Amino acid sequence: WSSALASGRSAGVLKEEAFARRGRRSMSRGIYEADCVFADALRDFPITVIRTGSAVLAPQLGTRSILNGAGVLILYLLARRSEPILMMPGRADAFLNFVPADFLYRAERVISNDRRSLHRILHLVDSAPPTVRRAVAMLCALMGRPAPRFYAPPAAAAALLQSPGLRREGDPTRTLLEEMSSRLVIDASFTRSLLGDAGLVCPAFESYAEEAVE
């Protein structure tokens with residue numbers, strides 16, 4: 001498993017290929033290095049490297065509550081209650097790569113039974129991810145409150161990431177802010193064709209946003 005943002009890039013197109021080089025920022029050094037190790041092994045071993053977006057609606061493991069970027073965003077909006085949100089951090093035109101956990105599980109089953117996936121890097125992401133502005137507006141509407149009108153410029157979001165509580169890599173709030181500042185387009189052409197043959201398509205954000213809020 002590897003986050004599609006582990007490349008450290010914040011713009012351009014991330015293809016279903018090995019990372020060419022480390023970007024200026026890396027959301028998780030460990031995930032980046034693991035991705036590189038397995039990518040090097042693809043030629044010699046019958047394995048598949050799967051990079052995903054941020055899982056939404058994932059079940060809890062025992063009594064441990066799992067909170068990722070999607071959960072942080074929803075909790076932040078809910079915590080404001082009726083208080084208006086004047087400004088959100090990040091770029092309004094950034095893409096939020098949220099993926100329903102159930103889709104990930106079903107996609108994994110299809111991939112594990114298709115030998116075309118061997119020796120490949122696959123991206124399990126939404127083919128049409130919502131922008132930050134669209135996702136936040138949709139979530140606010142479901143909560144019955146107005147959407148924020150302004151978004152902080154990338155430099156302001158970057159400064160926020162340097163706050164003492166957000167410097168630890170892997171922190172869910174930091175993960176969310178990284179994604180809300182990124183305009184990276186994630187190419188999943190081969191994965192979509194493979195899953196399409198099995199009739200499996202990643203659900204649109206609109207189809208599960210209300211369930212996520214509930």
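Which residues are buried in H3? In the predicted model examined here, local features require a pLDDT of at least 70 and side-chain atom pairs count only at pLDDT 80 or more, whereas totals for chains, interfaces and linings use all residues. Residues are numbered from 1 along each chain as its sequence is written, and side-chain values use heavy atoms, with hydrogens and water left out.

Helices (H or I, at least four residues) and strands (E, at least two) are DSSP runs numbered from the N terminus, and burial is assigned from relative accessible area, with buried meaning under 20%, exposed over 50% and partly exposed in between (1.4 Å probe, protein chains only). On these terms, the buried residues of H3 are Ala 101, Phe 103, Leu 104, Ala 107 and Ile 111. They lie on the same side of H3, because they cover an arc of only 145 degrees around the axis, the arc being that of the directions from the helix axis to the C-beta atoms. Arg 109 and Ser 112, by contrast, are exposed on the other side of H3. The twelve residues of helix H3 (residues 101-112) should span 16 Å at 1.5 Å a residue, which agrees with the 17 Å between its end C-alpha atoms; the expected span is 1.5 Å times one less than the number of residues.

Leu 200 is placed in the loop between helix H7 (189-196) and helix H8 (209-213) and, at 10% relative accessibility, counts as buried.The loop between H3 and strand S7 (120-124) contains His 119, which has a positive phi of about 65 degrees although it is not a glycine. Most residues other than glycine have a negative phi. Ser 117 and Ile 47 are 70 residues apart in sequence, with 8.1 Å between their C-alpha atoms.

Seven of the nine residues of helix H6 (residues 172-180) are buried, so this helix is largely enclosed by the rest of the structure. The buried residues of H6 are Arg 174, Thr 175, Leu 176, Leu 177, Glu 178, Glu 179 and Met 180. In helix H1 (residues 29-41), Val 37 is exposed, with a relative accessible area of 55%, and its C-alpha atom is separated by 9.7 Å from that of Ala 18, 19 residues apart along the chain.

With a disulfide defined as a pair of cysteine sulfur atoms within 2.5 Å, the count comes to zero. Cys 36 is partly exposed, with a relative accessible area of 22%, while Cys 140 is buried, with a value of 0%.

Grid points are joined across faces, edges and corners, and a volume is the space filled by probe spheres set on the points. The search of the whole structure finds two cavities of 30 Å³ or more, and the second largest cavity holds about 30 Å³ of space. Its lining consists of Arg 81, Ser 82, Glu 83, Pro 84, Ile 85, Arg 145 and Pro 146.

Conventions. 1 Å grid on protein atoms, 1.4 Å probe; cavity = no way out; pocket = protein on both sides within 12 Å on 5 of 7 lines; lining within 4 Å.
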